[in-house]
Structures are given as structure tokens and as C-alpha cells.
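The following report concerns a predicted model and describes how its parts are arranged and where they meet. The sequence and coordinates are shown first.

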Amino acid sequence: MSRDCMTPVQRFAAYGRGEAIDRLPCVPIVGNTAARIVGAKVADFRGNGKLIADAQVAAYRRFGYDVIRIFTDLYTQAEAMGARVHYPDDETAYLAAPAIESIEQIASLHPVDPHKDGNLPAHLEAMTRAVDAVGSEAVVTGALTGPFTTASFLIGTETLVRLMLKNPPAVHQLCEVALQGALTYAKAILDTGCTPSLTDAMCSTTVISPRQFREFGQPYLARLVEYIHSHNRSVTLHICGKTRAIWEQMCDTGADCLSIDNAADLAEAKAMVGHRARLMGNVSPSEIMLQGTPQQIRQAVRECVRKTHDNPKGFIVASGCSLPVETPFENIDAMLDAVREIGWPVHIEEEVEAAWRA
Amino acid sequence: MPQNETELFQALSDAVVGMDEDRARELSIEAVDRGIDAYTAIERGLVDGMGRAGELFESEEYFIPELLLCSDAMYAGLDILRPHLKVEDANQRRFKIVIGVVEGDTHDIGKNLVRIMLEASGFDVIDLGRDIPAQRFVDTAVSENADVIALSTLMTTTMDAMAEVVEKLQTSNLRERFKVILGGGPISPAFAKRIHADGYANSAPNAVKLVKQLAGVPA
């Protein structure tokens with residue numbers, strides 16, 4: 001497959017102005033899979049900004065996708081505020097214990113110092129290095145976890161969701177501390193030249209209700225988006241799982257692009273909020289990208305493009321969530337190749353489609 | 001206080017649906033004081049309420065927070081009523097499930113909901129917790145003489161740990177003895193089939209239906 005004629009920066013700029021591009025933007029959301037590109041173990045990323053940057057830049061160069069996201073896991077801010085994170089030797093980290101056990105301890109929490117606490121300095125170093133290396137050609141973002149999700153890591157998810165019904169002010173207090181931490185970290189990310197990229201996994205309606213999102217998720221996200229906008233950066237917001245019932249509210253946060261999980265439908269998203277936000281998504285990271293064949297990936301990409309290429313605010317072909325570490329390289333190549341094959345203006349060969357459907 | 005048994009069962013059920021732990025406790029004490037059969041009070045009161053909560057969850061009127069508080073009310077009542085079960089009710093051999101989140105993952109809300117709904121449906125559940133090595137599932141299933149091993153994960157990174165449980169059963173010649181069922185965000189029926197599991201469910205209520213099928217209980 002021939003490589004691209006435009007750099008990601010050129011492509012996004014032209015796409016945003018409604019001008020001709022060589023292909024749709026494409027973002028297989030590569031996280032710790034980047035370790036495999038440089039032959040490192042996932043745990044080696046811990047505290048090693050140079051390695052994170054080297055791996056992410058190498059992965060970008062290997063595959064030629066449009067957005068580099070400096071990301072290892074969702075816990076970095078919560079860890080910097082006292083949560084305990086377990087680092088398996090060669091797999092993605094997970095939460096071992098929340099920072100606090102009861103609401104009486106909320107007052108002991110303090111917002112982060114991104115230049116000192118936990119692994120935040122390493123992540124900032126990775127962002128700086130990645131921007132230095134390829135910032136002129138590619139979009140480099142820094143992962144920023146949403147306040148509600150960080151709050152869930154601070155006190156434990158089950159405790160937090162019970163408190164939503166039993167003691168709403170305590171939840172607001174936690175979200176506020178998490179927001180202050182996120183704002184401070186967002187500033188540090190912006191200072192590196194990166195754009196913060198928001199994930200608020202726990203806001204999914206797989207977990208909480210749309211009404212609860214309106215009360216505990218949306219207001220804090222809105223303040224974060226407003227802050228990032230004040231630095232003239234556009235914001236992508238990812239919420240995992242089911243989100244259909246909160247798409248309007250996700251737009252109300254001010255987010256410019258919604259990243260849609262494969263648990264939701266892009267055609268529905270386009271119909272409901274396509275005039276308000278750019279959409280990205282939503283090839284299944286597990287069923288298709290990890291376990292599928294290149295041919296299945298090609299089909300999935302074409303399905304996404306068919307549904308969403310005419311989205312009024314634009315469309316980015318992406319995976320529905322971060323890719324599993326062991327996603328085969330040829331599957332990531334297949335995603336990019338499928339987008340290149342479709343090209344621009346979007347053209348999907350119907351005969352070929354008919355052949356595989358039959 | 002409710003006048004007759006039927007009203008009391010209804011009130012117990014309502015307390016569970018209404019997420020009212022104190023009320024569920026109070027009504028359970030009332031049932032004990034009146035000498036009402038504990039098994040019937042559990043079935044027609046607490047379990048009925050949790051079933052209704054499950055339906056509200058399926059229709060997306062309730063979400064995980066509400067379901068958890070309903071279960072808190074159910075367990076508050078169970079704590080009071082269980083010691084009063086007749087010996088034959090308490091010792092009845094029930095279909096037994098060993099459940100846990102596989103090694104490498106600590107997301108356990110989904111697993112907890114399945115445990116709650118299984119217990120509310122009268123199954124015997126042994127909850128190993130989260131981040132559980134494959135061997136422990138096998139050992140516990142053997143020592144507890146369980147019928148089903150239920151594995152959960154939210155992470156694509158830990159899906160292989162599910163296959164490991166099945167493999168361990170195979171190499172120990174125990175595969176035929178237990179049914180293995182799977183649940184969690186990245187899991188699909190195709191994945192379950194590929195690792196030779198016996199079933200997959202995409203929600204807690206569907207997990208109950210699946211276990212009922214395996215147990216040969218009418219849904």
C-alpha cells in the first residue's frame with residue numbers, strides 16, 4: 001500500500017478547512033502496544049519518559065497514523081494523589097488500592113504537583129520529547145483522566161457510586177479535588193506543547209445513569225474543556241462503553257470531538273450529535289483489532305466509514321478504545337491500509353463489498 | 001407496619017427496590033418476631049425485590065449505583081432472616097458457582113453484580129474476589145464441589161488468563177466436571193467458544209439466565 005502524501009498536521013488542517021485531503025485521519029489508539037515496537041516490557045515505561053517517547057514515536061513512524069497519545073494507563077493522576085497502582089512485569093498496570101478508604105479522609109487529599117508526584121514527571125518528559133521529535137508533522141496529545149474517573153480511583157468505584165446516592169456533597173468534594181489536580185496537570189501538558197486528550201471511563205452509562213453524569217461528570221469536564229479551550233486547543237473526549245444517552249451532554253461539555261466506543265453505534269451518533277462534534281471510532285479493539293484478521297479489519301473500517309464519513313463535523317477512523325498490548329502489527333497496518341484504500345473523496349468499491357457479503 | 005404476611009412480603013420487596021436498608025432490616029426483624037417462615041420471607045420479599053431491581057436495571061431505569069444499594073438492602077434483610085432458616089432449607093444442596101475476576105485485573109463491579117443477582121436467584125456463590133490466579137479457581141471449585149466456574153475481566157490484557165483456567169482444568173482431567181462461563185467488557189461469544197468455555201453472558205441478568213440453563217432450572 002502506498003504511503004501518504006500529507007503529514008497528519010497538514011491533513012487535519014486541510015480537513016478542518018474542508019479542503020481536499022489524501023485520506024481520512026486514522027487513529028488506532030496505540031497505548032502500551034508501543035512497548036512491542038521497541039522490544040521493551042510494559043513495566044519499563046514506569047518512570048521512564050524517554051522510553052515512553054521513543055516507543056510512541058517509533059510506533060507512529062512504523063504505522064503512520066495521525067495522533068500520538070502519550071498514555072500508559074488511566075491511573076497516573078490518582079497515583080500521584082496517593083492511590084496504589086500495581087505494575088505487572090509486562091502488562092498494563094492496574095489499581096491495587098484507592099488513595100483513601102472513607103469520606104473523613106477526603107480533606108487529606110491534595111491536588112497534584114505534576115512536576116513531582118508519581119509518574120507525572122515521566123509522562124511530561126515523554127510529551128516534551130515526542131513533541132520535539134515529531135510535533136511539527138504529527139498531532140501529539142497527552143492523556144488526561146476525567147475528574148469523576150479519578151475520583152473513583154481515589155476512594156474506590158463501589159464506594160463512590162454508593163456515595164452518589166447517599167452523600168452527593170462528598171462526591172462533589174472528591175470530584176473537585178480531582179478536577180483541581182486535572183487542571184494543574186492540564187496546564188503542565190499544555191506547557192510541553194501537547195494537547196490534553198480526555199478520558200472519563202467511569203462516566204459511561206454502562207456504570208452510571210445519564211442524570212448522574214449530568215450531576216457528577218459533565219460539570220467537571222466542562223470546566224476542564226473550558227480551560228483547554230482558553231489555550232486555543234480543541235478537545236477530544238472519550239467515554240468507554242455505552243454512551244448513547246449522554247452524547248448530547250458530552251457535547252454540552254464543549255468537547256470538539258467525541259471518541260465513541262464500539263459498544264455504541266456511529267450512525268446513531270452522527271444522527272444525534274454529528275452537527276455538534278467531530279466523531280471518532282469505533283473498530284472493536286478486542287474482537288476485531290486483537291483477534292480479527294486483516295480482512296475483518298478492512299471490513300470493519302469500511303463499515304465505520306460508510307456510516308460516518310459524511311458526518312457534518314468530520315470523522316476520524318479509530319479503534320473504539322485503547323488497543324490491547326498484544327494487538328498484531330499487521331492488524332494495525334490493515335486499519336491504515338483500509339483507510340488509504342478508501343482514499344479521498346471517500347470511495348468504497350461496492351462490487352467488492354457485494355462479493356464478500358455473498 | 002404491614003398487617004398480614006402478604007403485605008409484609010410486599011413491603012420487604014419494596015424496601016429492596018427502594019434501596020432502603022434500614023427498612024429492610026426493620027421488616028425482617030418484624031418477620032422474625034411474628035414467626036413468619038424465613039425462607040418464604042426471603043423468597044417472596046427480598047429475592048422478589050432484587051428481581052424487580054434487576055428488571056429496572058435491564059430497562060435502564062436503574063444503573064449500577066442503584067442496583068448496589070438495592071443489594072445492600074437485600075443483604076441487610078438476609079443477615080437477619082438467614083439464621084432463622086429451617087435446617088432443611090439452610091442445608092439444601094444448591095447449584096454452586098465459584099466466581100472471581102481473573103489474575104491481572106481488579107475491576108470487580110461487574111463480577112459483584114453477577115454474584116448479587118446469582119445469590120438473589122437462590123444459587124450458592126463462592127466469591128473469590130479479584131486478581132485471582134487460575135489455579136485458585138480450579139482448587140476452590142474442587143474443594144467446594146462446585147458446578148460452575150464464572151470468570152470475569154474488564155481488560156483485554158487479561159483475557160488470556162481465562163483460557164488458562166480452562167487449560168488447567170483440561171490438564172488436570174477436570175474439564176468435564178465443571179461448566180466454565182465468562183463475562184466482561186472485551187469478551188464475546190466467539191472468544192468464549194475459542195477458549196472452549198461453556199457460555200458467555202453480557203449482563204448480570206443474562207448471567208443468571210445462563211446459570212439457570214446450565215442448572216436445568218426453568219428461567
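Helices here are DSSP runs (H or I, at least four residues), numbered from the N terminus. The crossing of α2(B) and α4(B) is right-handed, that is, the near helix is turned clockwise from the far one by less than a right angle.

On the α2(B) side the contact involves B:E21, B:A24, B:R25, B:S28, B:I29, B:A31 and B:V32, and on the α4(B) side B:D72, B:A73, B:M74, B:A76, B:G77, B:I80 and B:L81. Two residues are in contact if their C-beta atoms, placed from the backbone, lie within 7 Å.

Chain B is assigned domain 1 (5-90) and domain 2 (96-215), with bounds from an automatic or database domain assignment. Their C-alpha centres lie 26 Å apart. Ten residues of domain 1 of chain B touch six residues of domain 2 of chain B. On the domain 1 side, α3 (38-58) and α4 of chain B are the elements that give two or more residues, and α3(B) gives the most, with six residues.

Between the chains, 25 residues of chain A meet 18 residues of chain B. α4 (64-81) and α9 (189-194) of chain B each supply at least two residues of the chain B side; α4(B) gives the most, with four residues.

The table sets out the residue classes (Ala, Val, Leu, Ile, Met, Phe, Trp, Tyr, Cys and Pro nonpolar; Asp, Glu, Lys and Arg charged; the others, Gly among them, polar).

| Side of domain 1 of chain B that touches domain 2 of chain B | six residues | three residues | one residue |

Chain B averages a pLDDT of 94, and 100% of the residues score at least 70; pLDDT is the predictor's confidence in each residue, from 0 to 100. The model scores ipTM 0.90 and pTM 0.93.

Residues are numbered from 1 along each chain as its sequence is written, and chains are lettered from A in the order in which they are written. In this predicted model, local features need pLDDT of at least 70 and side-chain atom pairs count only at pLDDT 80 or more, while totals for chains, interfaces and linings use all residues.
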